Amino acid sequence: DEGNGYYNCSWTVPLALSSELYDVRLNVSEANYNSDTNLFLDEFEIITDIPVLVLEAPDYEDDGGWGEEWSFWVNLNDSNIGDVNVSLYFSTDNVSWVLQDTVNETCPCTNAPIEFWIDEAWNESYIGTSYFQFRADDYHLGLDNVSASEIVLKDDTSSTATSGVDVNLDRNGSSSVSLEVTISDIDNDGVVDAGTSCGIWVTTDGVNYGARNDGVTTGNVCSYNFDPDTSYTVGPQNFIGGVSGDSDYNDANSSVASLTLIGSLISELSAPLGGQEYDATDVIDFRWNVTGDAGELVPNADDLSVEIVNTVGGSTTVCNFGQINNEGAGWYNCSWTVPLAFSSELYDVRINSSEQYYNNQSDLFLDEFEIVTDVVSLTGITFVNEDDGGWGEEWNFSVDVSDSNTGNVDVDLYFSTDNSSWVLQNSTTLVCPCASSEVKFVRDSGWNETYIGTSYFQFRADDLHLGFDNTTAEVN
């Protein structure tokens, strides 16, 4: 009794009392007064229940990659009137938590579904066993929380070859090409991080892939500078590339792309081998082999020809493709008959070859043989006698000999009384090549009595290969 008609009292809320709104009823009685009862509505609320969360299993877009869209569910129960805050947290160690999202739910509520859809739900740091937790706070009596572990996987990727596709590349030399694949993170519809571990593989024989070539990821492009060597065969080669051995992304390669390797041809001449001489109508045999720059045999070349090249660079094709014999195992041969009027000189041999997936090639072999088609030539026939030309005097006979070919030339002197029947008088051998070399025969008692009057002398020269020349003079 406070006095002046005011009263007060206190009451402790029992633990088991129902959580709800309450009215207050005041009952009053006094002597000389009628008793009275007054009801005051919704005067206070009793809250004795904290929120209760019931966890549901999360759902994800594909296989549970960190970058996928994830759905997290919980059911909320709270018999009290008012807002309840529900929040979602992530943790890598089940100790330290990072807030992801939050929402307010109006209660009282029973099994009220609370759902968080999170695009790119996790990040790379959560790969492996991580944790998620729901917390509910009614701002009055307290909070509830539930948590669970979850296996978070690496993200999946896709790769597309974007550079080096369908190029032609020399197998030898310094040429190279950048093989590139563009990599996308298909779980979060984005791109992979710069520095992602990647590899490029190239077939060595058109079928079997060689070892991984470490790529460099710049932006989301994995690149490798491909500089082939002779361990690769010529022709089409395939390549693939993508994530390989990365901590954040699953391994995945691009679809197959292709390029073409081009080799070089090499010819080696086996015949002729130099130092050989051929006359007109002689048959020259050519024999050679063709290999690639990796030493591989080229047994069925697409096109071949043989040329001979003279000392001033003029060339003559002596064997066309249809005239060349294929021996097999990369060996070829052909033959050519030296024409009568062909220039006498040293000749080089040029082998021209072509084959699919090789660069066209011409190989020149220097001074391989000599053609000798020039016959000996006699000029400047003269004679000198001792006095007045008697048959028994000393007579000198001379002639100039020219022959551009290498070898011996036989020079003979003949006499005749009728310019028809000839008698050998003298012989000598001259070593050529020679130009206007004088050959002289000195004869004591040059003639005999049968030659008195008009007679004839003749020089004959024979090069023992292509033919001979003769020149005749009349004398009294």
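Residues are numbered from 1 along each chain as its sequence is written, and side-chain values use heavy atoms, with hydrogens and water left out. The model is a predicted one, in which local features need pLDDT of at least 70 and side-chain atom pairs count only at pLDDT 80 or more, while totals for chains, interfaces and linings use all residues.

The side chain of Arg-171 meets that of Glu-296 in a salt bridge, at 2.8 Å from N to O; a salt bridge is a side-chain nitrogen of Lys or Arg within 4 Å of a carboxyl oxygen of Asp or Glu. Side chains of opposite charge can pair when their charged atoms come close. Glu-296 is partly exposed, with a relative accessible area of 22%.

A search of the whole structure finds five salt bridges. One of them joins Asp-214 and Arg-212, with 2.7 Å between N and O. Asp-214 is exposed, with a relative accessible area of 54%, and Arg-212 is partly exposed at 32%. Another salt bridge brings together the side chains of Glu-307 and Arg-350, at 3.3 Å from N to O. Because Glu-307 lies in strand β22 and Arg-350 in strand β26 (residues 345–354), this pair ties together parts that are 43 residues apart in sequence. Glu-307 is buried, with a relative accessible area of 12%, whereas Arg-350, at 22% relative accessibility, counts as partly exposed. Salt bridges that share partners also join Arg-171, Asp-293 and Glu-296 into one network.

How many disulfides does the structure contain? The count comes to four disulfides, where a disulfide is a pair of cysteine sulfur atoms within 2.5 Å. When the bonded cysteines are counted along the chain, the disulfides follow the pattern 1-2, 3-4, 5-6, 7-8.

Cys-107 and Cys-109 form one such link, with their sulfur atoms 2.1 Å apart, and this link is right-handed, with 50° about the S-S bond. Cys-107 is buried, with a relative accessible area of 4%, and Cys-109 counts as buried too, at 10% relative accessibility.

In the disulfide of Cys-198 and Cys-222, the sulfur atoms are 2.0 Å apart, and the link is right-handed, with 85° about the S-S bond. This pair links distant parts of the chain, for Cys-198 belongs to strand β13 (residues 198–202) and Cys-222 to strand β16 (residues 221–226), 24 residues apart. Both Cys-198 and Cys-222 are buried.

A further disulfide is formed by Cys-319 and Cys-334, whose sulfur atoms are 2.1 Å apart. The torsion about its S-S bond is about 95°, so the disulfide is right-handed. The pair again links distant parts of the chain, with Cys-319 in strand β23 (residues 315–319) and Cys-334 in strand β25 (residues 331–337), 15 residues apart. Cys-319 is buried, with a relative accessible area of 0%, and Cys-334 is buried as well, at 1%. Cys-9, by contrast, is exposed, with a relative accessible area of 73%.

The surface also carries patches, which are made of residues with over 30% relative accessible area and no salt bridge, like charges being joined within 9 Å and nonpolar side chains (Val, Leu, Ile, Met, Phe, Trp, Tyr) within 5 Å. Which residues form the negative surface patch? Glu-61, Asp-62, Asp-119, Glu-120 and Asp-189 form this patch. Asp-189 is found in the loop between β11 (177–185) and β12 (190–191), and this residue is exposed, with a relative accessible area of 71%.

A nonpolar surface patch of about 300 Å² is made by Trp-11, Val-13 and Phe-44, with accessible areas taken from the Shrake-Rupley method with a 1.4 Å probe. Phe-44 lies in strand β2 (residues 36–46) and counts as partly exposed, at 33% relative accessibility.

Conventions:
Buried < 20%, exposed > 50% of the residue type's maximum accessible area, 1.4 Å probe, protein only. Helix = DSSP H or I, 4+ residues; strand = E, 2+ residues; numbered from the N terminus. Lys, Arg positive; Asp, Glu negative; His and termini not counted. Charge placed at Lys NZ, Arg CZ, Asp CG, Glu CD.
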